[in-house]
Amino acid sequence: SISTPIIKIGFSFVPLTIAGILYGAKYTMIIAVIADLIGVTLITGDFFPGFTVTTALVGLTYGKFLYNKPKAMKNIIICTIIVNLIELVLNTGNIYLLSGYGVMATLPTRAFKAALMVPIKAFVVYNLSYPIANMKNMVVNRRAV
């Protein structure tokens with residue numbers, strides 16, 4: 001991912017979307033929290049519970065919107081918008097609490113990034129996450145034969 005003090009652009013959402021498709025809200029939320037804690041431990045070393053709460057809610061949202069749902073772009077876009085709003089609001093607050101950067105100073109840049117990421121995330125979920133998740137079904141069905 002590419003990180004600055006104000007925004008972070010990355011593709012860490014891909015494993016969460018795959019987990020959401022395969023396992024549902026509860027398990028995806030647990031996976032998200034574990035992944036966040038591992039990432040903090042191995043990469044940054046800077047734990048802040050606000051970011052973990054945000055990640056848990058994002059995992060919950062992916063699970064609610066993608067589990068046992070058809071591969072429909074409308075559903076994926078709605079899910080992505082909600083996830084980006086959760087990240088925008090909560091992480092902007094988290095950054096303010098940690099760094100003191102003014103919310104109104106960082107919000108426009110973060111909102112632009114969130115809006116820009118909606119079609120990118122939707123495209124990736126539709127064209128990467130669902131096909132990878134469907135590979136599990138192909139493997140399970142092949143073993144049954």
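**Chat about a helical model**

Me: Which helix is Asn75 in?
Reply: Asn75 sits in helix α4. Keep in mind that this is a predicted model.

Me: And is Asn75 buried or exposed?
Reply: Buried: the relative accessible area of Asn75 is 18%, and the cut-off for buried is under 20%.

Me: What does Asn75 touch, sequence neighbours aside?
Reply: Leaving out residues within four places in sequence, Asn75 is in contact with Phe65, Leu66, Lys69 and Pro70.

Me: What about Tyr130, what does that one touch?
Reply: Not counting residues up to four places away, Tyr130 touches Ile21, Leu66, Lys69, Pro70, Lys71, Ile76 and Val125.

Me: OK, the largest nonpolar core. Which residues touch the most other members?
Reply: Phe13, Val58, Tyr62, Leu66, Ile76, Val125 and Tyr130, out of 19 residues in that core.

Me: Which helices each supply at least two residues of it?
Reply: α1 (13-23), α3 (49-66), α4 (73-99) and α5 (103-144). The largest share is from α1, with 6 residues.

Me: Switching to α1 and α2, how do their axes cross?
Reply: The axes of α1 and α2 (residues 25-44) come within 8 Å and cross at roughly 150°. Angles over 145 degrees count as roughly antiparallel, so that is what α1 and α2 are to each other.

Me: Left-handed or right-handed crossing?
Reply: α1 passes α2 in a right-handed crossing.

Me: Which residues make the contact?
Reply: From α1, Leu16, Ala19, Gly20 and Tyr23; from α2, Ala25, Tyr27, Thr28, Ile31 and Ala32.

Me: How many of those are nonpolar, polar or charged?
Reply: The contact of α1 with α2 has 7 nonpolar residues, 2 polar ones and no charged ones.

Terms used:
Residues numbered from 1 in each chain as written. Predicted model: local features only at pLDDT ≥ 70, side-chain atom pairs only at ≥ 80, totals over all residues. Heavy atoms only, no water. Core = buried A, V, L, I, M, F, W, Y, C linked by side-chain atoms within 4.5 Å. Buried < 20%, exposed > 50% of the residue type's maximum accessible area, 1.4 Å probe, protein only. Helix = DSSP H or I, 4+ residues; strand = E, 2+ residues; numbered from the N terminus. Contact = heavy atoms within 4.5 Å. Axes fitted to C-alpha atoms, helices over the stretch in contact; angles between N-to-C directions. Parallel < 35°, antiparallel > 145°, perpendicular 65-115°, else oblique. Left-handed = near helix turned anticlockwise from the far one by under 90°. Nonpolar A, V, L, I, M, F, W, Y, C, P; charged D, E, K, R; others polar.
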